[in-house]
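Please keep the sequence and the coordinates at hand while reading.

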Amino acid sequence: MPVAPSASTVLVTGASGYIAVHVVHQALKAGFNVVGTVRSEEKGRYLEQLFAKQYPGKFRHAIVADIEQPGGFDEAVKGVQAVLHTASPFHFNSEGKALDALVNPAVNGTKSVLKSIKDHGTEVKRVVLTSSFAAILDPSNKTPKEYTEKDWNESSPANSAKEGNSQNPMDAYRASKSMAERAAWDFVEQEQPQWDLATINPPFVLGPVLHQVNSPDSLNTSVASIWKLIQGTGKTEQDLPGPAGCVVDVRDVAAAHIKALQVADAGGERFAPTIGQWTWQNVVDIVHDASWIPGEYKDKVPKGKRGNYDVKQNDLSGAKTEKVLGVEYHSLKSTIETTVGSLLEYQARDWQGAPALPAVDIDLPPWIPPKQTSESGLEWAPLHTLDLSRVTIEGDHTHVPEDVVRDVGQAFNTIGFIYAVDHGLTYGELLRQFAIGQYLLNNVSDEDKEKFRARIREDGSFVGYKQQGKWQLDGVLDRVEQCNFGSKSFQPSIASKTFPPSVQPFIPEILAFARFNHAVIYRKLLAVFSRILDLDSEFLWNLSQNPEERGLDLLRYALYHKPSQADDDKLGGVRLNSHTDFDSVSILWSQPITSLEVLMPDNQWRLVKHRPNALVINAGDALAFVSGEYIKATIHRVVKPPQDQASYPRLGAFYFAFFNEDTPLSPLTQSPVVQKALAGRQGKPFWPAEVPTSGKWEQLRVKAYGAGGEKKGEDGHTHEELAGRKVTYHQGQTVQARRQAQVA
Ligand SMILES: O=C(O)CCC(=O)C(=O)O
Ligand SMILES: [Fe+2]
């Protein structure tokens, strides 16, 4: 019987630390409710935000400002069934104060927490203490020695007793770990509490970072060693073959903590999770082998002489943790790559906010946003910005302030594109989606992309993979690769057949993103559009509900590869032909490569400037039709980026939202705004023949796109007739011409 049944509540002390955040995460994953103690509100809020979306209502924080204060945990331990005690007192600058500043606080702190648990944690069944290899490794032993959990560091505590405050800080640190753990075992023996104890004794811990780090200077020491390495300020050539100790992945340390709660036999035991000894040469080999780590970092990392060195160093056996707790270790490769990946991702976020909480334990290279262009003289489209937090959903009703209706209405009646900000996703969550997109396009084999291809011509559907070269424009084949998820393709029976096995584990995260786009962003935008048409704010939303049953929404991850010079020249730098979107609303997640151009009311192409974590929103045909074209479906295209971005692949994430498939696309004449828009037609029918539904229109447009059915008209643009209406693929001016014109 598990000692702490799932769904019970566990307390994690020091919950904001590097290891502790992973402990909290895995406790939540295992089904526990978690209370985490932290030192400040700010740290508490960070954690609440980190866990809120995946584990709503399952995590809360409690403040314990000073863990050395006797009775400090009296309140926190009430009502919990287990305690994971990871907090340890931390003191800078203990030089000359080894005993007062390091050893005593560690010992007293441990005792006082255990006393709180004994006196007030009446429901607690088990306590798991985060100890350390430092409590096992005895520096007075001859090196090399293979250690196990049976060993104790005896000499550091003995030195502490002899040397007191003058003990050297490294040895004092080891003494503090050894003595604090010893104090815990002694407490259990003497006090006979109602719970039993297990300890986790990891060596050097690396792996992904989840905790709050606001600058590289505040990284914890172990992770900082990898940061320094990739900055060129860490280990040097000479250090590489030398002993580096034993290592373990932070995810495995966390797993050991959780298993130690669940496995009955873990009570009264110590566990040293580790994959054993390593050298810095192993680390640099992994860094240089990782194709996804950018050259600018690799160039700073010493190379040494590749291979394994037989170093005389102490080893630690991780076998007991595998055997008793059933922990399966991550490889050193995974540990190092995820550490580097995290660090590059934190840097991409400017060390602000939080990373996305991964839902699956599969290593994903981070997406590193390309540098923004510094080319001057680009003509940017002057787009209005909508603050989405001002549109509020309360139950069945969405509230749109009047000035939003006015300003957005104006923007969509003229330019047809806007930015939207404050949508509710963090930048970390967005970077995760781009990392998933990058994986879908870079790490899925060509065979799988072909096998799971979208049936564009046959079914008029984009769902699945679209490889390069499926469209042609003036005889030039496209260089755009896509992976598209349809809202209905998320149904498990369909998803399992529509996407490759390697994509399946990510589908829950992709689905959550799709749902957020639909149920929050699209819903708010539809409320704004409804109000612009002077309809009830839920009017258009009512045409769009249950997308997973009746919808046509597409979530697209696309990768634009660089065409050959000859192809680029032939099309004047156009990489995705000018078009209107055929959906209701397009949500483009802003990305840094400057390529999206909008045809402005003055018939000039202007570029959309990147804004990190903003949305670029435009209306598609379906919304234009139902609004009697009061709302504009604006023509746009994708062109060659400026020279300083020429070498980057362009990754994008797009959500194309539709009315339900059976929605007829006839103008909504109950709207006075639509009536007015139609007045100019002097009775000419909007649809000359049968009114297409949303589904029909999508099918016609998808089949026709890039199939070459269009004809050049007298106006110089190409046109094609679909459902009796003329669709224009506007040619406009070429990119080159516009830039030249602008320089002159
Ligand atoms: O790549 C972009 O920025 C826009 C893509 C686009 O317009 C589309 O896929 O409809
Ligand atoms: Fe588009």
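This is a predicted model: local features need pLDDT of at least 70, side-chain atom pairs count only at pLDDT 80 or more; totals for chains, interfaces and linings use all residues.

## Helix α11

Helix α11 spans residues 332-348 and so comprises 17 residues, with 24 Å between its first C-alpha and its last, which is close to the 24 Å expected at 1.5 Å a residue. The helix is mostly covered, since 14 of its 17 residues are buried.

## The iron site

The iron ion (ligand 2) is coordinated at 2.1 Å by His579 through NE2, by Asp581 through OD and by His636 through NE2. Along the chain, the donors of this iron ion follow the spacing H-x1-D-x54-H. Because Asp581 lies in the loop between β22 (574-579) and β23 (585-589), while His636 lies in strand β27 (residues 636-639), the pair ties together parts that are 55 residues apart in sequence.

Both of these residues can also be described by their accessibility: Asp581 is buried, with a relative accessible area of 6%, and His636 is buried as well, with a relative accessible area of 4%.

## Domain layout

The domain assignment of the protein gives domain 1, made up of the segments 9-205, 247-276 and 314-330, and domain 2, which covers 385-659. Taken over C-alpha atoms, the centres of domain 1 and domain 2 are separated by 47 Å.

Technical notes. Residues are numbered from 1 along each chain as its sequence is written. Chains are lettered from A and ligands numbered from 1 in the order in which they are written. Side-chain values use heavy atoms; hydrogens and water are left out. Donors are N, O and S atoms within 2.8 Å of the metal (3.2 Å for Na, K and Ca); water is not among the atoms, so sites may look incomplete. Helices (H or I, at least four residues) and strands (E, at least two) are DSSP runs, numbered from the N terminus. Buried means under 20% relative accessible area, exposed over 50%, partly exposed in between (1.4 Å probe, protein chains only). Domain bounds come from an automatic or database domain assignment. The expected span of a helix is 1.5 Å times one less than its number of residues.
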